[in-house]
Amino acid sequence: MPNDLQSPFVTGHCTPNGARLRLVAVSIAYPLLALVLGVLVWALLWQLLCTINNFCGVDRHWLGKNLIVGVEVVAQLTAAWQIAAPLTPAAWRWICSLAVAVILVIGVQDLPDVAGDRLRGRRTLPIALGDTATRAYLCLVFTALPLVLNVVLIVPAGLNWWPVTVGTTLTALSFVVATRALLLRTPAQDRRTYRLTELMYTLLLATSITLL
């Protein structure tokens, strides 16, 4: 995650007016493209959620932020899936499972910048619960999460070599994240832990293509 020194506003690569023009352009082009692709409802939901999150102060409290991000995952993945294939009960199982997983673990994103969040008046999970309690919670969730995801998502695909390999990799990676979240506590270490969480999410997305 870039810090403030790398911000395009600070470096001069983008001005506030330029950012506003880009926002207007994207806000128009995005639903038009979604209309062509047949996913307009999900695109409008995504835009609504982003507006609520970024301009209505929902992101300032951990519960609102986590729930919004989870629903954004549903809007994003449903649109992506519907572009490629019809939505099936199995697809919905994957989409909803990933959304719930993201709601539970997205707090790991807030570990590296507690000081900055305090200055901005945000009440993220580490600020609300405290650093130690948040890390204990994340360790518990990341330890239990692969067991649940394996049962709900991987096992129904069968017990041949590929699902077993994916499930084993997911479990190992999740345990690494659980250990790092609990024991490695510098901002730089927390950023790498979050990157590993992103890798888990990407692995599950790629796996859904091969297993469904």
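## Buried charges and a surface patch

Lys65 and Asp110 are both buried. This comes from a predicted model. The two side chains meet in a salt bridge, with N and O 2.6 Å apart. Lys65 sits in helix α4, while Asp110 sits in the loop between α5 (89-105) and α6 (114-119), so the bridge ties together parts that are 45 residues apart in sequence.

**Salt bridges**

Side chains of opposite charge can pair when their charged atoms come close. How many salt bridges does a search of the whole structure find? The count is eight. Three of them are set out here, among them the Lys65 pair.

| Salt bridge | N to O distance | Burial of the two residues |
|---|---|---|
| Lys65 and Asp110 | 2.6 Å | Lys65 buried, Asp110 buried |
| Arg122 and Asp117 | 2.9 Å | Arg122 buried, Asp117 buried |
| Arg135 and Asp190 | 2.8 Å | Arg135 buried at 1%, Asp190 buried at 1% |

Take Arg122 and Asp117. Their closest N and O atoms are 2.9 Å apart. Both residues are buried. They also belong to a network of salt bridges that links Asp113, Asp117, Arg120 and Arg122.

Now take Asp190 and Arg135. Their salt bridge has its closest N and O atoms 2.8 Å apart. This pair links distant parts of the chain: Asp190 is in helix α10 and Arg135 is in helix α8 (residues 131-154), 55 residues apart. Is Asp190 buried or exposed? Asp190 has a relative accessibility of 1%, under the 20% cut-off, so Asp190 counts as buried. Arg135 also has 1% relative accessibility and counts as buried.

Helix α10 (residues 187-211) also holds Arg192. Arg192 is partly exposed, because its relative accessible area of 47% falls between the 20% and 50% cut-offs. Along the chain, Arg192 and Ile103 are 89 residues apart, and their C-alpha atoms are separated by 19 Å.

**A buried threonine**

Thr78 is found in helix α4 (residues 62-84). Its relative accessibility is 0%, so Thr78 counts as buried. What does the side chain of Thr78 reach? It reaches the backbone oxygen of Val74, at 2.6 Å. Beyond its neighbours within four places in sequence, Thr78 is in contact with Trp42, Leu87, Trp92 and Ile95.

**A nonpolar patch on the surface**

Which residues form the nonpolar patch on the surface? They are Leu33, Val36, Leu37 and Ile83, with about 390 Å² of accessible area together. Helix α2 (residues 16-37) supplies the largest share of the patch, three residues. Leu37 is found in helix α2. With a relative accessible area of 41%, Leu37 is partly exposed. A patch residue needs over 30%, so Leu37 passes that cut-off with 41%.

**Cysteines without a bond**

A disulfide is a covalent bond between the sulfur atoms of two cysteines. How many disulfides does the count come to? The count is zero. For Cys50, the nearest cysteine sulfur is that of Cys56, 12 Å away, and Cys50 is in no disulfide. Cys56 is in no disulfide either; the nearest cysteine sulfur to it is that of Cys50. Why is there no disulfide between them? A disulfide needs the two sulfur atoms within 2.5 Å, and these are 12 Å apart. Cys56 has 55% relative accessibility, so Cys56 counts as exposed.

Definitions and conventions. Residues numbered from 1 in each chain as written. Predicted model: local features only at pLDDT ≥ 70, side-chain atom pairs only at ≥ 80, totals over all residues. Heavy atoms only, no water. Patch = residues over 30% accessible without salt bridge, like charges linked within 9 Å, V, L, I, M, F, W, Y side chains within 5 Å. Areas by Shrake-Rupley, 256 points an atom, 1.4 Å probe, with all protein chains shown as cover. Salt bridge = Lys/Arg side-chain N within 4 Å of Asp/Glu carboxyl O. Helix = DSSP H or I, 4+ residues; strand = E, 2+ residues; numbered from the N terminus. Buried < 20%, exposed > 50% of the residue type's maximum accessible area, 1.4 Å probe, protein only. Polar contact = N/O pair within 3.5 Å; in protein donor to acceptor, adjacent residues only side chain to side chain. Contact = heavy atoms within 4.5 Å.
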